[in-house]
Amino acid sequence: MRKVNVHSLKNSAGMSLIGLIFMLAILGVLAILAAKITPTAIEYFSVKKAIQAAKAAGTSVKDIQVAFDKQADVGYIDSVKGRDLIIEKSETGFEVGFYYTKTIPLVGPASLLLEYQGTTAKSGGVHKKQE
């Protein structure tokens, strides 16, 4: 007769109940962070598209600002206005850039600061606007 090897509970592999609760708590915190950050990231990509459209539509600084404000109204952009854009003259026309920050409150006094910047320039450099 053969001997059947039975595993005891101590030898079984897997996650304990406490480990499962801990992992679910970590996943919950990450899901909450993602839910708070996603709208700001979507707005950032909307601003990038809006400055491209404003650059193509404008022939002067004022035209670019007005075109951006129209795009911002349509795209639900609240963080940047036409007057906040960094518009610089280059040999190929105008280069349009932006820089802004978003503060997302987390718990109590803790918050998350996100800095967004972008430009239409090929070099990709944006200088912060002097206030």
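I looked up the neighbours of glutamate 95: with residues up to four places away in sequence not counted, glutamate 95 touches Lys55, Ile86, Ile87, Glu88, Ser90, Thr120 and Ala121; contact means heavy atoms within 4.5 Å. This is a predicted model, in which local features need pLDDT of at least 70 and side-chain atom pairs count only at pLDDT 80 or more, while totals for chains, interfaces and linings use all residues. Residues are numbered from 1 along each chain as its sequence is written, and side-chain values use heavy atoms, with hydrogens and water left out.

I then asked: is glutamate 95 buried or exposed? I noted that glutamate 95 counts as buried because its relative accessibility is 14%; buried means under 20% relative accessible area, exposed over 50%, and partly exposed in between (1.4 Å probe, protein chains only).

I next checked the polar contacts, each a pair of N or O atoms within 3.5 Å; within protein, one must be able to donate a hydrogen and the other to accept it, and residues adjacent in sequence count only if both atoms are side-chain atoms. The side chain of glutamate 95 makes one with the side chain of threonine 120 at 2.9 Å. The glutamate 95 side chain also reaches the backbone nitrogen of alanine 121, at 3.1 Å.

I placed glutamate 95 in strand S2; strands are DSSP runs (E, at least two residues), numbered from the N terminus. The open sheet has three strands in the order S1-S2-S3, with antiparallel pairing; two strands pair if DSSP finds at least two bridges between them. I recorded strand S1 (86-90) and strand S3 (111-119) as the edge strands, each pairing on one side only.

Notes
Helix = DSSP H or I, 4+ residues; strand = E, 2+ residues; numbered from the N terminus.
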